[in-house]
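Please look through the structure below slowly, with the sequence beside it, before reading the explanation that comes after.

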Amino acid sequence: MTYQFDCRATELDVRQVLIDLRAALADVVAGDDVRSSVEIAVAEGLNNVVEHSLTASCDGRIHVRMGVDAAHVFVLLQDPGAPYPNWALPDAPQVDLDVPLAELPEGGFGWGMIHALTDRLDYSRVSGMNCLKMWFARGS
Amino acid sequence: MSLASKDIDQTRIVHVDASRIDAAMAIQFKEEMRQLTRDAPERVVLDLTQVDFIDSSGLGAIVAAMKHMGGASRMDLAGLSPTVSKVFRLTRMDTVFHLFDTLDQAVNARAN
């Protein structure tokens, strides 16, 4: 099964894609756990595109393709925006929570969650498009 | 999105009447939380029973709301859905906030 979505690079458009994605997942994937993992990681990936690579001033659209087979859910996020920094997949940053209240972080959580939730992650830049690929293992 | 609050003894319950706290409304959420937690009693319980999704922006807005109270009040969270709980666990923010499965449990909990 393959599903495709696309949207403008705005937070409200991304929200609608995530709602549609959740509905599609509910149809084909039985496990709540993998469904929530896909939803969270894709949300973070899309938010990253809106914030950093393809801003709302561009006409370009974000494409999302989701494939489901027996072993994995696969998601491709594609956008024509600026390359990811250093043309590379961002690492999961170290986040220190053992700090005074006033120093608690309010951001920087996204890539850590994407790395933690995916079985495999890949970034490439092809013909002016960012391609972020995520694989989520189904069942255990 | 709307927030509503009521005080019970020394606890202010802030009820989030929205299904998502995400990038599209994180700033608005932060602003409204600032208003509602002004002069809060010693404990604020954020009731997330209606919320079935938060992203890292939503999490950041919740952290910001707690920081804004400056330690004068503690903030506990109640009614987290499995997806929302997962975000707190992944980011280890479940070590920063007290999390309660239901609002009733949060209200009935004794302070440490």
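This is a predicted model: local features need pLDDT of at least 70, side-chain atom pairs count only at pLDDT 80 or more; totals for chains, interfaces and linings use all residues.

Residues are numbered from 1 along each chain as its sequence is written, chains are lettered from A and ligands numbered from 1 in the order in which they are written, and side-chain values use heavy atoms, with hydrogens and water left out.

Where chain A and chain B meet, the contact (heavy atoms within 4.5 Å) takes 27 residues from chain A and 28 residues from chain B. Between them the two chains bury about 2300 Å², of which 62% is on carbon and sulfur atoms; buried area here is the accessible area, found with a 1.4 Å probe, that two parts lose on being put together, summed over both. In chain B, the residues that lose the most area to chain A are Arg20(B), Lys67(B) and Lys86(B), together 26% of what that side buries.

The count between the chains is 10 residue pairs in polar contact, both residues being at pLDDT 80 or more. A polar contact is a pair of N or O atoms within 3.5 Å; within protein, one must be able to donate a hydrogen and the other to accept it, and residues adjacent in sequence count only if both atoms are side-chain atoms. On the side of chain B that touches chain A, the elements that give two or more residues are helix H2 (56-68) and helix H3 (82-90) of chain B, where helices (H or I, at least four residues) and strands (E, at least two) are DSSP runs numbered from the N terminus. The largest share of that side, eight residues, comes from H2(B).

Turning to H3(B), its residues Thr83(B), Val84(B), Ser85(B), Lys86(B), Val87(B) and Phe88(B) are buried, a word that means under 20% relative accessible area, with exposed meaning over 50% and partly exposed in between (1.4 Å probe, protein chains only). These buried residues pack against elements of both chains, including H2 and helix H3 (110-117) of chain A. Ser37(A), which is found in helix H2 (residues 32-53) of chain A, touches Lys86(B) as well as Leu117(A) and Phe136(A), not counting residues up to four places away in sequence.

Lys86(B) also forms a salt bridge with Asp33(A), the closest N and O atoms being 2.9 Å apart. Asp22(B) is buried because its relative accessible area is 4%, whereas Arg15(A), at 22%, is partly exposed. Arg15(A) and Asp22(B) are linked with Arg20(B) in a network of salt bridges.

Finally, what does a search for disulfides (cysteine sulfur atoms within 2.5 Å) give over all chains? The search finds zero, and the cysteine sulfur nearest to that of Cys131(A), belonging to Cys7(A), is 15 Å away.

Technical notes. A salt bridge is a side-chain nitrogen of Lys or Arg within 4 Å of a carboxyl oxygen of Asp or Glu. A disulfide is a pair of cysteine sulfur atoms within 2.5 Å.
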